[in-house]
Amino acid sequence: MNRIGVIYNPIAGRGRGGAAAKDLIGPLKRAGYLPILQPAIDLKTEADRAQFLSGIDCLVIVGGDGTVRYNIESASRAKVPVWNLPAGNECLFARHFAMK
């Protein structure tokens, strides 16, 4: 079963980030994936992020550009593909790569 890590910013977009992350769980499970939900605030160090990413097949970052910036380098080092579910104010990363 593919493990999908979901790192989310619970306060992104005035609280939409946390709700959007939790809304992903059911559809991912029904599609046969194992979602692993993780608030971004709990991943304080590179070691924390590396440990979370070990064994993850794909990462969904729910939040804005700051949440992406804070986590994408760790995902790149771990060779984990990333999708951004935009939940911030601007979400320039998601807009540039047409992620919705």
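Predicted model: local features only at pLDDT ≥ 70, side-chain atom pairs only at ≥ 80, totals over all residues.
Let me start with helix α3, residues 65–77, which has 13 residues and reaches 19 Å from its first C-alpha to its last, close to the 18 Å expected at 1.5 Å a residue, where the expected span is 1.5 Å times one less than the number of residues. Residues are numbered from 1 along each chain as its sequence is written, and side-chain values use heavy atoms, with hydrogens and water left out. Helices (H or I, at least four residues) and strands (E, at least two) are DSSP runs, numbered from the N terminus.

Staying with α3, there is a kink of about 35 degrees centred on Asn71, the bend at a residue being the angle between axes fitted to the seven residues ending there and the seven starting there. Asn71 is also one of the buried residues of this helix, together with Thr67, Val68, Ser74 and Ala75, and here buried means under 20% relative accessible area, exposed over 50%, and partly exposed in between, with a 1.4 Å probe and protein chains only. What do these buried residues of α3 pack against? They pack against β1 (3–8), α2 (46–53), β3 (58–63), β4 (82–86) and α4 (92–96), with contact taken as heavy atoms within 4.5 Å.

Strand β3 is mostly covered, since five of its six residues are buried. It pairs with β1 in the parallel sense over five bridges, and Gly5 stands opposite Leu59 in β3; two strands pair if DSSP finds at least two bridges between them. Five bridges also join β3 to β4, and these strands run parallel, with Val62 opposite Leu85 in β4 and Ile61 opposite Asn84 in β4. The chain crosses from β3 through α3 to β4 in a right-handed β-α-β crossover, meaning that, with the strands pointing away from the viewer, the path from the first strand over the helix to the second runs clockwise.

Not counting residues up to four places away in sequence, Asn84 touches Ile61, Gly63, Val68, Phe93, Ala94 and Met99.

Finally, the backbone angles. Most residues other than glycine have a negative phi. Lys79, in the loop between α3 and β4, has a positive phi of about 60 degrees although it is not a glycine, and Lys79 is exposed, with a relative accessible area of 72%. Arg14, in the loop between β1 and α1 (16–30), has a positive phi near 55 degrees, and Arg14 is exposed at 78% relative accessible area.
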